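Please load the model in your viewer and keep the selection panel open. The stops below each give something to select and then say what is there.

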Amino acid sequence: MRTDRLWRRGRLGSEADRAAFRALHQASLAAPPLREGLTTESAERAVRHLRNLLGTPAVAITDTEAVLAWDGSGSHHLDQAAVVGLLAIEKGTTRTVDRGQLGCTTNGCPIRTGVVSPLVVDGRVLGTVQAFAPSPTAGLVRATEEVAAWVSGQLELAELDAHRNRMIEAEVRALRAQISPHFVYNSLNAIASFVRTDPDRARELLLEFADFTRYSFRRHGEFTTLAEELRSIERYLLLEQARFGDRLQVTLNIAPEVLPVVVPFLCIQPLVENAVRHGLESVEHTGQLTIVAHDRGHEAVLEVEDNGVGEDPEKVRRALAGDVALDSVGLGNVDARLRATFGDDYGLVVETAPGAGTKVIVRVPKFAPGVTV
Amino acid sequence: MSAAAVPGLVAVVLVTLVTLAIGTWGLRFSRTTSDFFVASRTVRPGLNASAIGGEYLSAASFLGIAGLLLVGGADMLWYPVGWTAGYLVLLVLVAAPLRRSGAYTLPDFAEARLGSRAVRAACSLLVVGIGWLYLIPQFEGAGLTLRTAIGAPEWAGPVVVGGVVLANVTSGGMRSVTFVQAFQYWLKLTAILVPVAVLLVVWWGDGRPHGTAGADGWSFPVAGDGGIGLYTTYSLIGGLFLGTMGLPHVVVRFYTNPDGRAARRTTVVVLALLGLFYLWPPVYAALGRVYAGRLVAEDRSDVLVLELPRLMLDGLGGDLLTGLVTAGAFAAFLSTSSGLAIAVSGVLTQDVTTRLVGEQRGGVAAFRLAAVVAVVIPVAAALLVRDVGVAQSVGLAFAVAASTFCPLLVLGIWWRRLTAVGALAGLAAGGLGAGGAAIATLAGYAPGGWAGALLGQPAAWTVPLAAAVMVLVSLATADREPAHARRFLVQLHTPESMSR
């Protein structure tokens, strides 16, 4: 009784079950390369698994112009594959290729007929999957069609991935663009006020302004070190202090151990800009701004705190959820980018209440795979 | 408690208070934007090197070497030589590329290089193991010091130091860890240098007696017993030279360097600072041959540094110097065990306790739980395991590090074809070999002859074994070479000034 049950558990089910497992396994092997999109490299890595899945002597993957990858025997048919691919792309449906069209004279070549099925994503044909066999069967046509549909699904996911990455890049660009308009206008006005009274200071401020813009508008690199980010914040604060004078008090407490930590480009600066705006623009008393960076072993903790008007927690929650109609535009963006970089455990924490100031806390791991300057 | 205990007690309390104070308030003074540049300046190589020295010079360096030299003679000089030269190997092969990898801990490096969670888990396990192996002698040394200095019972030392370290680490007292550890280095250097200068004057005044310093092969740099002695000596040298790069608390400190170039500079300064320190324990040993023969007979050579001032000087002078060396010894295991506890609990937090406590409760609770585990287990082990000798058990920790992380780092940095499977196999071979030998030795199993030598000093066979397994298994699984290996190695070896 007992041995019988053990024996049954050890088996992998019936022959049909095992065939299904094999097919699923081959599909899972082909999926990662296809998720990178349709390129020569990804096609070459996926085509072997697709051929195992179809069980034919040869399989080819083409894009709309040329053969990307060929696996199996009879590679002298490579040029024909490109031509028959075009046919299926034109019609947008699965086509069979008969002996006459392939016209193979080589002895022992198993490739006599083929099935060509288009890869369709969002109504656009991106390429074809082609299966070649000695004789045409309805089963092969059906299988090729199904495989093409599955590959199309993977390519659609790849497009989604690419789309999401483009969105994040666009957000970073948008964030850079957001810094400039107010700030450029206000800074230039502040500098202008010093030109006659204190030309040396005006010159220094202009140089700071130049350095600040160079950092903010730099094109390369998604990441930077905390030291660089803080240096840019320093310039920003010098310019704001030129504008507000004694009304802006800044206190810093930075543990030097965390300065080499790698963070997403411009992820602290918007928080400081928010704090300056909240801490000053609608308050009569002196604005107090505190920036603290702690070393917590494998993490760094950053806090940006102001003593300004504060905010309704519900509004902040909506801002973090991505509601862009709010004043704190930068907040949701920074939160999203931190989560995209380090995972959902590393979002922003905001402590605030009306009239009680605001404290934004950022946790950053000292190391995350793939995050380097 | 007798009057003789007073200087030791004062020293211990003072060191603890000053350490806590610097740790807590070291960076608490606020700054305004006008000196923002001071605030956002990265740690200079000189300061960072002092911190590495402070964390690295453990009870084994401060107490152990002098005792070993007193008994064993010049072949024990390989301990200080190896502990220093380990940084030379680190400088040449590892320092700058490791910094450029962006890794904070050794498991981080393994994950970044090989892209494998399994290798990461194996490395975390090894970090915890090596950390504990290294913490045990620190706590043992603490017991020794407190018993000698203030007559406390043997169990008091590990418990007191464990408690101070735990309070220090969990309360955030190591917040400005770089300053604390840099202070500890200079304290230790002062504590070993000033007494020895005074004692040398005393010796000169006594008419420069020779005692037994030159007799019976004491100054011969290879252990006796022919072939076995030669093996033991070379195995020790190999383990110490190659083990430094695999010590968890050393690697973590390199992250503070802003770039690879700064990492190299830091290492050079560390070499100089360690060289300066290690000049003096042998002088204690030589003076001990003249004045403290009694300690050898009583088998208490580990306390030589603590007792020598009183043996050579009477009255207030002896008391003051005793207070100073006690302060140095206490600083030695306080700083090393704090550094190790932070490194071990960091790894435990990342890979174990965060999952137990749950992310929502925050990192602090997870870190505290990890710190308790990281400290309590070696304290318990130090109470159970007796009389292995402080320097020997540190030597075993080095042997395990040399047999596991050294091949992983060197091959990972310099050999593109290392695979995750190969690394795992090599870590297992080296870890089981050296770790097994270490556990056998700690458990008191010491057969005579070659078997004893192979177990007591395993590095000479476990390091080549681990490296060979790593290379061969990697070659056998060449198709599993990480896809990003080439790009990653370019990143490791390209100076930052070129990549920006």
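## Chain A: a loop residue

Select A:Leu266 to begin: this residue is buried, because 22 other C-beta atoms lie within 10 Å of its own, and the cut-off for buried is 20 or more. The model is a predicted one. A:Leu266 sits in the loop between strand S8 (262-264) and helix H9 (269-281) of chain A. Check its backbone as well: phi is near 55°, a positive value in a residue other than glycine. Most residues other than glycine have a negative phi.

## Chain A: helix H4

Next, select residues 78-91 of chain A, which form helix H4. How many residues does H4 have, and how far does the helix reach from its first C-alpha to its last? There are 14 residues, and the reach is 21 Å, close to the 20 Å expected at 1.5 Å a residue.

Within H4(A), colour the buried residues: A:Gln80, A:Ala81, A:Val84, A:Gly85, A:Ala88 and A:Ile89. An α-helix has 3.6 residues a turn, so residues three or four places apart point the same way. Just after H4(A), stop at A:Gly92, where phi is positive, at about 75°.

## Chain B: overview

Now switch to chain B, which has 23 helices and 0 strands. Of its 500 residues, 57% count as buried. Taking the contacts in chain B with a separation of 6 or more, 83% are between residues 24 or more positions apart.

## Chain B: the crossing of H4 and H7

Select helix H4 (residues 59-72) and helix H7 (residues 117-150) of chain B; their axes come within 10 Å and cross at roughly 65°. The crossing of H4(B) past H7(B) is left-handed. On the H4(B) side, show B:Ala59, B:Ala60 and B:Leu63; on the H7(B) side, show B:Pro137, B:Gln138, B:Gly141 and B:Leu144, which they meet. Sorted by class, this contact has 5 nonpolar residues, 2 polar ones and no charged ones.

From H4(B), move along to B:Leu77, in the loop between H4 and helix H5 (78-100) of chain B. B:Leu77 counts as partly exposed because it has 19 C-beta neighbours inside 10 Å. Beyond its neighbours within four places in sequence, B:Leu77 is in contact with B:Leu69, B:Pro221 and B:Pro282. For a distance check, pick B:Leu77 and B:Leu189: they are 112 residues apart along the chain, and their C-alpha atoms are separated by 18 Å.

## Chain B: the largest nonpolar core

Which residues touch the most other members of the largest nonpolar core? They are B:Val305 and B:Ala423, in a core of 159 residues. Centre on B:Ala423 and show its contacts beyond four places in sequence: B:Ala110, B:Leu114, B:Val119, B:Leu408, B:Leu418 and B:Met470. Another core lies apart from this one; its 47 residues include A:Leu230, A:Ala242, A:Cys267 and A:Ile291. In soluble globular proteins, nonpolar side chains tend to be buried together.

Then select helix H19 (residues 420-442) of chain B: its 23 residues should span 33 Å at 1.5 Å a residue, and the end C-alpha atoms are 31 Å apart, which agrees. Just after H19(B), B:Gly444 has a positive phi of about 90°.

Select B:Ser235, in helix H10 of chain B. Is B:Ser235 buried or exposed? B:Ser235 is buried, since 23 other C-beta atoms lie within 10 Å. Its contacts beyond four places in sequence are B:Gln457, B:Ala459 and B:Ala460. B:Ala272 is 37 residues from B:Ser235 in sequence, and the two are 25 Å apart in space, C-alpha to C-alpha.

Go on to B:Leu320, found in helix H16 (residues 315-357) of chain B. B:Leu320 is partly exposed, because 16 C-beta neighbours lie inside 10 Å. Pair B:Leu320 with B:Gly8: they are 312 residues apart in sequence, and their C-alpha atoms are 9.0 Å apart.

Finish at B:Arg208, in the loop between helix H9 (177-205) and helix H10 (226-243) of chain B. B:Arg208 counts as exposed because it has 9 C-beta neighbours inside 10 Å. Its phi is near 45°, a positive value in a residue other than glycine.

How values were computed: Residues numbered from 1 in each chain as written. Chains lettered and ligands numbered in written order. Predicted model: local features only at pLDDT ≥ 70, side-chain atom pairs only at ≥ 80, totals over all residues. Helix = DSSP H or I, 4+ residues; strand = E, 2+ residues; numbered from the N terminus. Buried ≥ 20, exposed ≤ 12 C-beta atoms within 10 Å, placed from the backbone. Contact = placed C-beta atoms within 7 Å. Axes fitted to C-alpha atoms, helices over the stretch in contact; angles between N-to-C directions. Left-handed = near helix turned anticlockwise from the far one by under 90°. Nonpolar A, V, L, I, M, F, W, Y, C, P; charged D, E, K, R; others polar. Core = buried A, V, L, I, M, F, W, Y, C linked by C-beta atoms within 7 Å. Expected span 1.5 Å × (residues − 1).
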